[in-house]
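Please open the model in your viewer and keep the selection panel handy.

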Amino acid sequence: MVFSKTAEELDFDPLVFKPPVPLVRRLSTGIPVYLLEDHELPLFTLKILITEGSLLEPSDKSGLFSITADSMRTGGTALMSPEEVDYTLESMAATIEIGFDREFGIATLETRAEDIEHGLDLFMEILKNPAFRQDRVELIKMREAENIRRRNENPFNTAWRFFTSRLYGEHHPMGIHPSVDSVTSISRDDLEWAHSLLFNPRNILVTASGDFEEEGLLEILENRFSGWNTNHLPRPPLPELEDISDGITVVYVRKELTQSTILMGSLGLKRTPLHPDAFSLRVMNEILGESSFTSRLYREVREKRGLAYSVGSSFDLTSFIYPGTWFAYAQTRSDSTVATAMLMIDTIRDMGEQPVPETELASVKDSIINSFVFGFDSRATIALRHGLLDFRGYPADYLERYTERISEVTAEEVREAAYRYLDTQNLLVVVVGWDEDFDLPLSEIGNVIEVDPDEAVPSAVLP
Amino acid sequence: MKVRIPVVVILIFFFPLLIFAQSLEERVVEQQLDNGIRVIVIERHTIPTVALNILIKAGGIDEDDESRGVAHMLEHMLFKGTKTIGTSDYEREKPLLERIERVTEKLDAERLKNEGQDEEFIGRLEASLTSLQEEHRGLIVPGQYESLYTRHGARGLNASTSRDYTLYTVSLPANKVELWALLESDRLKNNVLREFYTERNAVFEERRMRVDNNPHGLLSERFLQTAFADHPYGYPLIGSERDILGLNVKKARRFFEDHYVTENIVIIMVGDITPRDGMAIVERYFGSIEKRAARTIEAPPVSEQTAERRVEVAFDAEPSVLIGYHKPASGHEDDYIFDMISGLLSAGRTSRFHKNIVQSGIALYAYGTGGYPGSRGENLFLIAAAPRHPARAEDVEEAVYRELERLKNEPVSEKELARIHKLIETQFIRALESNEGMARHIAEYEGTAGSWRYILQWKDRMKKISPEDIQRVARTYFMEENRTVAVLVRK
């Protein structure tokens, strides 16, 4: 059978899509709750959003919050030893994990539907009364120290560390990274302080999805979350951020490799929900380097010239407390390092100088709009997202109107946003590699500062 | 376009839930076209999208000595378009492509010489190639294949090559399935391997990223070379640098003709589509693909190992260890028992490795898994571990062997068996929660065991595993002479 249509000639039915919306309630203690039923599989997922993150860590205790989180999970509770916690969870085939980002944390409980109450009991014990048993805490600290010893094995991670610490300042909450000292110096007092600061009813919201009945679960949650009294600890103050941009700086991280990792960018956007630049920047980054195959960086660096396998860009649109970053990256053989970096800078600069052609703009806007449906493929994600959007103060119709706002972005808006934010005259370029094999000196790009990747990791024996 | 170079920390547990497996059987609708292409459809209405996978039952294990790395290279090349997609004038393009091929043949031949390379000749050929490539670029529409997809809302457009099979994936909104059928059938019938040599450069960079400058990738490569002396599982899937230099359009085309044949193709559709609509659209677009026989070469048997093999790799990194024991291919009765052993050793925090090696402070991590680096052929039970300073690699090895001895000598309690069983079952359901996850798992079974129904057989076999079975398998396979060990040491 011969088909004569080309891809452009195909006719498609419109997509009918109404995303499920969670039930929103408030417990008597004031905690907001977002519930979304899903009876396809006999599973239950509860995600608690903790509305503070590692930005609040004291600067000499970087890593404290993730160590607190891991210690809560594995250090036992007032009622159960760590071994009992592990066995109980795994006998139910349930999991509890807690993790922290810079601005927030998430504690997750996953169980089979038949074990919701039992799972919740254990979960609440862990959240309210962690025991922080000494041997388990030591284990976590030592493992973190080991991860720090190994962190330069991935040159991209190395580049990222130097990029953020240089941009924000190595002691600033956005630029600081855990060290062996900061991690091993964590005491029980530190853990208890972090626990009280973060895990209290004022700081959380609850989201749940899975095989349950809404009213029944509400009752259970009301019961479990009531009577949770904690100390009210003052929120630590956050330091100011200095903008230290000053021409093009190249941070050269010396490491004997045959392929260089290039990471370049600067400070970007401090987000507010309906920030006027948010939508044009979303479209702009999609064109520049977000989408793997069709972006400009991919086209110029990989497809046209075969200079890299891994190449792209990223623009952080979800940092609310400090401006996030934007950056472009590529990994290329040593003897094409400087040529590739310069090509990247040219490609970025072009975004701010020439408006994108209409066909390219339309195609990218279509791709964002048409793939929007995929953001709703997990009920747990939908429920959590609603909670996060509410907490951040987004308008109730934000998701509903998202694709409409994307469709309104113009080529001039994209160019103008690129011009203002992607400042190629004030750029930080981090290069991890071996300059003996480079095609040209790094000074061709900007002012060079050389650093030793291991300077923060002593080679002496760790405690 | 990912090469599945085995990354040791990835673990996949393929264990069905009793109840769920029954309903899975009811939900899978399976058919075969006249030309031999098999189609599997699972209808699900969580959101209006469909995960679409095309499995080609050919991978690294099917390569011959002159074409190592070709399966992966071909996978990259199949994104470059067809006679109508990605070009503004194929008739004019075709002779240019032939000229480019002839120049690069000479160039590669010269570069592959071990000595006496004529630099001047190379220079002239390179100049000629550059000018031909520039001329060629004037006739192509770069990225058209991908942008057709993304414009219509595609997500997860990608492909991966493993040693056992190659998988092409994409997810689309449910109203766009016909686009996929058109593009994919066109790709199978009319692909043009354009811009080969530029893409080959990107593959060189991929190798540099995953292997040469990656301690774990480098260790895995040397480990497999040592464990599998002359079997394809021992060759780098992406190819060595020299192998990649030896790849050309002719070899890629030949691999396509030999292996991308209808009897090797399985189409998997999971999501908001009825089996009837799915089958109809596949029949309409793929039904006319000519049936051709596969030209498979039987892989040599894995030569028997009679003594422990060890290899050391030096790198600017902290130590780590890979330990492998030869085991039978997927489908063998012992394979199921290895799955249970993997769970006992490393599923969750109550597992043996975690409690006795990680929590005791000896290791940063320790995992055990079968089916490495593939499972169509005889493969390895792999244990990957890294010492936590100040413990050393030797301490980790010792601790691992202690646990394996326990498996040989102490019967596992029924309670522990039941707990591990439940754990890995639930991990499996969680993996099926998305359309993509479900499609992926079906593809994995089709590609290694030959049929997704393996999931159902598995259910029955797992129920019957006894403590004695575990001891028997441990005693048979976890022997020193059956063992290969690779250690990463600090340079």
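Here is a short tour, one selection at a time.

Before you start, note that this is a predicted model: local features need pLDDT of at least 70, side-chain atom pairs count only at pLDDT 80 or more, and totals for chains, interfaces and linings use all residues. Residues are numbered from 1 along each chain as its sequence is written, while chains are lettered from A and ligands numbered from 1 in the order in which they are written.

**Stop 1: chain A**

**Stop 2: a hairpin**

Now select residues 23-26 and 32-37 of chain A. These are strands β1 and β2, which run antiparallel and are joined by four bridges; two strands pair if DSSP finds at least two bridges between them. Look for A:Leu23, whose bridge partner in β2(A) is A:Leu35. Five residues lie between the two strands of this hairpin, and in the turn A:Gly30 has a positive phi of about 95 degrees.

**Stop 3: A:Thr68**

Move on to helix α1 of chain A (residues 64-74) and pick out A:Thr68. Is A:Thr68 buried or exposed? A:Thr68 counts as buried because it has 30 C-beta neighbours inside 10 Å; the cut-offs are 20 or more for buried and 12 or fewer for exposed, with partly exposed in between, and C-beta atoms are placed from the backbone. Leaving aside neighbours within four places in sequence, A:Thr68 is in contact (C-beta atoms within 7 Å) with A:Leu191, A:Ala194 and A:His195.

**Stop 4: where the chains touch**

Finally, show chain B as well. Here 60 residues of chain B are in contact with 58 residues of chain A. Among the elements of chain B that each supply at least two residues to this side are α5 (144-151), β5 (155-161) and α7 (196-212). Highlight α7(B), which gives the most, with nine residues.

How values were computed:
Contact = placed C-beta atoms within 7 Å.
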